[in-house]
Amino acid sequence: MLETAKTLPDEPSELKHLVGLLSSEVKSQALLIEKLRHQLIGMRRHRFGASSEALDQLQLSLEDEEVAQAAEEVASQADQNTTPDQKPNGQPRRKPLPDHLPRHEDILSPGDECGQCGGKLKKLGEDVTEELEYVPGRFVVNRIVRPRMACGCCETIQQAPMPSRPIERGRPGPGLLAHILVSKYADHLPLYRQSHIFEREGLDLSRSTLADWVGQSTALLEPLADAIRKHVLNGQAIFADDTPVNMLAPGSGKTKTARLWAYVRDERPWSGDGQPASWYQFSPDRKGERPNKHLLDYDGFMHADGYAGFNDLYRTGKITEVACMAHIRRKFVDVHKSQGSAIAEEAIKRIAKLYGIEKDARGQPPDERREARQSQSKPEFEDLEVWLYAQLTRISGKSPLAMAIRYALTRMKKLRPWLDHGFLELDNNAAERSMRPIALGRKNYLFMGSERGGKSAAIAYTLIETAKLNNVDPQAWLTDTLNRIADHKINRIDELLPWHYAQT
C-alpha cells in the first residue's frame, strides 16, 4: 500500500528516487485493479448473463422472423386466391435429395383408355416429384410418378393430377412437417438445432428452410386453432392465465416483454361432456384490452388470478370472476419458509382440508360436488375467514404475514362462487399447467422475433397442447391433419379436431 512519507528529503536525487518508487507502486496497483475488474465482470457474466452465445441468439431471432414471413406469405396468397410462385432469383437452389434414402414410389396413372375418345393410351414420358417424408425414427423419399400418356387415336395427352400437399411445390411431407412442429413447440428444439440433427442424417435442410415450412404449416392450420377457440369459449367455465415472453423490439437490437395468454376448458373433474382444450394467444404487451378482445364473445365463469386487466370484463356482467386458492396458499407457504410462522403453517393446514374434500368429490357430477361443498367445504371456508380476521389483529400490519392474510381475505370473497356451482374448481391450476410448456420453451428460444412469429407459436401451442390434453399423440394427429386439411371443407373443420381423430 502507498504510505505518505513523514518527511520529504531535501536532496533532489533522493526526491527523484522517492518519486520513482511511488510511480512504480501506482502502476502496480493500477494493474491489480484492472485485473480484479476483469475478473469481476467475468463472474457477473457467468452468474447473471444469458447462457446462450450471441450467435445462437442471432439464429433464434432470424428463425422466428423467417417463420413469420412464411406465414404472412401464405396469408397473402390466400387473400389473393393464388398459388405459391417459385422462389425469387438469388435465393439458394434446392439440392437433390440424398441417394442413400429409401424411396417409396407411388404411380398415378390416368388409365389405359383415352377419356376423350376411348382410344388406347401410349406412354410419352413421366413427371417425377420427390417428397421428403419423415417416418418416426427414419427418413424416406416418396416418389410421386405421373406418366404422361398420349391417345393413339386422337393424340390427346393425359396425366393424373398432383394430389394436394401441405405446401404446394414444397418438398416436405406431412409427417416431416409434424415432426418439425412437435420438435420445436413440444420438445423445445429450436430450428437451428434441428438443422444440425438432420445434417447428421445426411440431409441439407437449413434453418431458414425449416422456418419457411413452420410458417406455412401454422398458417394452414390456423382454421383448426380457431375451431379450438370456439370450443373453449363455449364452456360454462374457463381458466385464464398469461406468462411473459421476450420479443425483439424492431430497430433497437433489444427485447421487450410480450405475453402469451392461455384460455383452458377442462370439464374432466366433474365428468362434463366438453373435451379439454387449450387456446393460446400472443400479444406484444399486457394491456387489459388484450383479454378484452380475446374474450369478447365469452359469457360464463372465469378462474383467474387478481390481474387488474380482467376487471373490465367482470364489469360487463357477462363474465363472473372466480379466484384461485392456490395463489392464496402460495403466499402462506412463502411466509412459512422464510420465517417459520406458526400462523402461516396453520393457514396451510386449514386450506389442505378444503383440498381434501375436493379430492374426494373429484369426478362426481356437479350436483353432488355442490352438495359436498355446502355441507363440508363451506363451514371450513367460513371458519378460515373468521380465523384469518382474528390473526390480523394480533400481528404487525406491515409484516409479510399480514400482507398474506389481507390478500387471502380479499381473494376469498371472489372465490365464493365455487361453493355454489359444482362445475367450478378451487383453483386456477388448469391454466397454470398450460403455461409450463411456454416456460420450458422460452429457456431455449430466448425471445420471439416478431408479432407474427408469436402468433405462429400460439397456433402451434394451441394444437399440440390440446392434443396432449386428450391423450392424443400430437405428431401422429398433425401428420394425419396436414395430409387432409388442404382438401378438407372449411365448414367441416371440426371433424379434424384431436378428439375426433382419437375416436377414429
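The exercises below, each with a worked solution, concern a predicted model of one protein chain.

**Exercise 1. An overview of the chain**

Find how many helices and strands the chain has, and what percentage of its residues count as buried.

Solution. Begin with the elements: the chain has 17 helices and nine strands. Next, turn to burial, where 46% of the 504 residues of the chain count as buried. Finally, consider the contacts in the chain with a separation of 6 or more, of which 68% are accounted for by residues 24 or more positions apart.

**Exercise 2. The open sheet**

Work out the order of the strands in the open sheet of five strands, and state which strands are the edge strands.

Solution. Reading across the open sheet, the order is β7-β6-β5-β8-β9, and the pairing is mixed. The edge strands, each of which pairs on one side only, are β7 (277-283) and β9 (319-322). On average, and with direction ignored, neighbouring strands of this sheet are turned by 30° against each other.

Now take the pairs one at a time. Strand β5 (residues 237-248) and strand β6 (residues 255-265) run antiparallel and are joined by 10 bridges, and Asp-242 has Trp-261 in β6 as its bridge partner. Strands β6 and β7 also run antiparallel, with seven bridges joining them, and here Arg-259 stands opposite Ser-283 in β7.

**Exercise 3. Helices against the sheet**

Determine which strands are touched by α5 where it packs on the sheet, and explain why β7 is largely enclosed.

Solution. Helix α5 packs on the sheet by touching β5, β6 and β7, and its direction makes about 115° with that of β7. Helix α15 (residues 451-469) lies across β5, β6 and β7, and runs at about 170° to β7. As for β7, six of its seven residues are buried, so this strand is largely enclosed by the rest of the structure.

**Exercise 4. Met-302 and the nonpolar cores**

Decide whether Met-302 is buried or exposed, and identify which residues touch the most other members of the largest nonpolar core.

Solution. First locate the residue: Met-302 lies in strand β8 (residues 300-303). Its relative accessibility is 0%, and because buried means under 20%, Met-302 counts as buried. When residues up to four places away in sequence are not counted, the residues that Met-302 touches include Ile-238, Ala-240, Leu-295, Phe-310 and Val-322. Computed along the sequence Met-302 and Ala-323 are 21 residues apart, while their C-alpha atoms are 8.5 Å apart in space.

Then widen the view to the largest nonpolar core, which has 73 residues and in which Leu-132, Leu-295, Met-302, Phe-310 and Leu-463 touch the most other members. Helix α5 (residues 207-233) gives the largest share of this core, namely 11 residues. There is also a second, separate core of 32 residues, with Val-335, Ile-351, Leu-354 and Leu-424 among them.

**Exercise 5. The buried side of α16**

List the buried residues of helix α16, and explain why they are on the same side of the helix.

Solution. In helix α16 (residues 474-484), the buried residues are Pro-474, Gln-475, Trp-477, Leu-478, Thr-481 and Leu-482. These residues lie on the same side of α16 because they cover an arc of only 160° around the axis. The buried residues of α16 pack against β2 (121-135), α3 (174-185), α5, α15 and α17 (498-503). To finish, look at the start of α16, where a side-chain oxygen of Asp-473 comes to within 3.1 Å of the backbone nitrogen of Gln-475.

Key. Residues numbered from 1 in each chain as written. Predicted model: local features only at pLDDT ≥ 70, side-chain atom pairs only at ≥ 80, totals over all residues. Heavy atoms only, no water. Core = buried A, V, L, I, M, F, W, Y, C linked by side-chain atoms within 4.5 Å. Buried < 20%, exposed > 50% of the residue type's maximum accessible area, 1.4 Å probe, protein only. Helix = DSSP H or I, 4+ residues; strand = E, 2+ residues; numbered from the N terminus. Contact = heavy atoms within 4.5 Å. Pairing = 2+ DSSP bridges. Axes fitted to C-alpha atoms, helices over the stretch in contact; angles between N-to-C directions. Arc of directions from axis to C-beta. Polar contact = N/O pair within 3.5 Å; in protein donor to acceptor, adjacent residues only side chain to side chain.
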